[in-house]
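Trainee: I should like to learn how to read the features of a structure. May we work through one together?

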Amino acid sequence: MYEGTISALDRVLNLNRERNAAIRTINETQTTTINRVRLKVDESTKAAQIEQVNRLFRHRAKAVYDEMNLDRLKAGLPILKNPYETKGK
Amino acid sequence: MNINLKTKLQALIDQYKEDMAAYQERFRAELNHFNDPDVKRRYSEIGLKETIDEKIAELKADLEALCTTFNQKAKAIVDEAKEQVTSAVMGGTTNRPADHAAMVANALNFLDRETAETLTDDVAFSILKAFTGDYDQMALFARIVEAKVGPLVDADGSTTFPKTFGTFAKADSMLQVFDEITPITEAIFTNPKYDGVDGVTVGGIYRGLPTDGYLEIANWATLLELAEKVDRAIFAES
């Protein structure tokens, strides 16, 4: 009964690690190459990319929590609050 | 049966520490970013401070969400272990015969005929031996016997009716450990963090990295000790 919850939470934690790795890569990237020309990546581009990574992570985490909570409801367990859900964003 | 509760909780704590270290690096990197002259140039002095404060609030919200997930996993691990222990010690509850109610009524009748002096451990065992694997039922009988003969636990904490209530007492003490474990896991990873000595100076202000306090570390040690108790008790039982 709890195995499903534990493996779902493991998936969320792995998604979080992937997100942090992606953000680290974005922050560390100084330049990008377009048609043999190396251009500096400006901060607003990085900020937009990071926001996209965060949005994708929240979407995936929500899917995992929704599936897990459905199984928990069927098993008669209380649902777990998704801490990554941001209201009004 | 081996439930390995301590191993699972230790692995969870180790995983948390790794993720916490990675988070602190991200905190440092994202704040250091504001020390870049190209970035600082984009903001006024007040605007820079506000942007930094917003970034810190966002990072702390992320940390809180991460800690909440770890907390949820800790509780799931403990709940799983409790379910395994409960089904091991309360197996009799689910395997009751069809005439269980009649057997209980007969047992109560026999107990009623005994006095405090005549109701010894051997006599009680002869009346209740059919129920010794049924935790719930033995809990009820323990109250009745206790009302007749006095406390069933001596000064050492051992039962005074070992033959009759020995198994029940062991099961009871195992389940009581969970009464200690459960409140600790409520906030095992979500106690307030403090601003550590290690940090980063940004916008002229020193910002400490969010760090676990002594309470959290002490709680981990206590939780692991209790988990080991459960593992040893279950292993001895099987």
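Trainee: How many helices and strands are there in chain A?

Mentor: Helices (H or I, at least four residues) and strands (E, at least two) are DSSP runs, numbered from the N terminus. Chain A has two helices and two strands, and their order from the N terminus is α-β-β-α. Please note that this is a predicted model, in which local features need pLDDT of at least 70 and side-chain atom pairs count only at pLDDT 80 or more, while totals for chains, interfaces and linings use all residues. Residues are numbered from 1 along each chain as its sequence is written, chains are lettered from A and ligands numbered from 1 in the order in which they are written, and side-chain values use heavy atoms, with hydrogens and water left out.

Trainee: What is the radius of gyration of chain A, and what does the globule rule give?

Mentor: The radius is taken over C-alpha atoms, and the rule is 2.2 Å times the number of residues to the power 0.38. For the 89 residues of chain A the rule gives 12 Å, but the radius of gyration is 18 Å, well over that value, so chain A is more spread out than a compact globule. Its C-alpha trace spans about 60 × 30 × 20 Å along the principal axes.

Trainee: How does one check the span of helix 1 of chain A?

Mentor: The expected span is 1.5 Å times one less than the number of residues. Helix 1 of chain A (residues 3–28) has 26 residues and should therefore span 38 Å; its end C-alpha atoms are 37 Å apart, which agrees.

Trainee: Which residues of helix 1 of chain A are buried?

Mentor: Buried means under 20% relative accessible area, exposed over 50%, and partly exposed in between (1.4 Å probe, protein chains only). An α-helix has 3.6 residues a turn, so residues three or four places apart point the same way. In helix 1 of chain A the buried residues include T5(A), L9(A), V12(A), N16(A), R19(A) and I23(A). Over chain A, buried residues make up 36% of the 89 residues.

Trainee: Is V39(B) buried or exposed?

Mentor: V39(B), which lies in helix 2 (residues 37–40) of chain B, counts as buried because its relative accessibility is 2%.

Trainee: Which residues does V39(B) touch?

Mentor: A contact means heavy atoms within 4.5 Å. Leaving aside residues up to four places away in sequence, V39(B) touches E43(A), H33(B) and F34(B).
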